[in-house]
Amino acid sequence: MDVQDRARIAERIEAEAQRQVQRFRKAVRGLHPRTCPICGYQGHFTAFGHPPRFDARCASCQSLERHRLLALFVQRTGFFEPHHAVLHFAPEVQTAPTIRRTVARYETADLSERRNVTHRVDIEATGLPDASYDRIICSHVLEHVDDARALAEIFRMLKPGGRALLATPVCEGWATTYENPDVTSASDRLVHFGQQDHVRYYGRDIRDRIRAAGFELSEFTAVEPDVLRYGLMRGETLFVATRPPTA
Ligand SMILES: [Zn+2]
C-alpha cells in the first residue's frame, strides 16, 4: 500500500465519520422541552455542533444557542429602535429578518461570494463611511480575522453613542487568548481553534481587546432560568460595545 492509498483510505474514514455525525445530530432529540424566543416553537430541540451538543438547535427555525441569546437580549432591552441604521456582518438567517423589520435602515456585509449582502467588504477595511450606524452586529466573525483592525473599523463606523453586539467563542477558564503562528493549515486550525477557519481561541482577555479599541463594555450572560427554558449555553456571553458619546 503506497502513501496515496493510505491517504484515500483516511479520507473515506473521515467522510464516513462525518456522515455518522450528521445522522446522529438529526436523530438525537433534546433532553427537555424548550421554548424558542425567536419563532415561539415549544418542544424538543435537536443536536448540533462538532462534537454534537444536545438541545442546540430549534427544530422549527433552526436557531442555535447564540441566536436565541441575542434574541433575548434584543427583546428585553429594546436594543433596536425604529429610527436606527444597522449594519449586520455575516448576517444569520435566524436573526436577520426580525432586525430588518424593526429598523429604518438595515444593511448587511460579508466578504464571501456565497452570501447575498448589501456590502461585499472586508471587515478589516470596509471603506464604509465614518459614524454612520447606530447599531452593528458582529456575531462569530472576530475569531476569523485580525480582530484589532476589525474592532477599529466597527468603532469608526458607529455613530458616537452607537453600540455593537459582539459574539465569539470564549474559554472563560483562560486568562489569555490562545494564538499560535505555527497553526496555519485548515486541519490544524480545526483541532487547535475549534474550526477550520478560526485563527484563535479567546480567553477572558477578550474584554481587554474590545476596550483597547476605545469601547465601553457591558455583557449579557446566559443564566438560569433562561438556560433551561430557552436551551442556551451556560455562561455564554454577548458583549455589548458602546462607542462613547464623546469619542
Ligand atoms: Zn425557533
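Along the chain, the donors of the zinc ion follow the spacing C-x2-C-x18-C-x2-C. Donors here are N, O and S atoms within 2.8 Å of the metal (3.2 Å for Na, K and Ca), and sites may look incomplete since water is not among the atoms. The model is predicted: local features need pLDDT of at least 70, side-chain atom pairs count only at pLDDT 80 or more, and totals for chains, interfaces and linings use all residues. Residues are numbered from 1 along each chain as its sequence is written, and side-chain values use heavy atoms, without hydrogens and water.

The protein donors are the SG atoms of Cys-36, Cys-39, Cys-58 and Cys-61, lying 2.3 to 2.4 Å from the zinc ion. The arrangement is tetrahedral because the 4 donor atoms subtend angles of 103 to 113° (for four donors, all angles must lie between 85 and 135 degrees). Cys-36 sits in the loop between β1 (34-35) and β2 (42-43), and Cys-61 in the loop between β4 (53-57) and α2 (65-77), so the pair ties together parts that are 25 residues apart in sequence. Strands (E, at least two residues) and helices (H or I, at least four) are DSSP runs, numbered from the N terminus.

Cys-36 is buried at 2% relative accessibility, whereas Cys-39 is partly exposed at 36% and Cys-61 partly exposed at 22%. Buried means under 20% relative accessible area, exposed over 50%, and partly exposed in between (1.4 Å probe, protein chains only). The whole structure contains 0 disulfides, meaning pairs of cysteine sulfur atoms within 2.5 Å.

Elsewhere, Ile-9 lies in helix α1 (residues 3-27) and is partly exposed, with a relative accessible area of 32%.

Terms used
Tetrahedral: all angles 85-135°; square planar, octahedral: opposite > 155°, others 65-115°.
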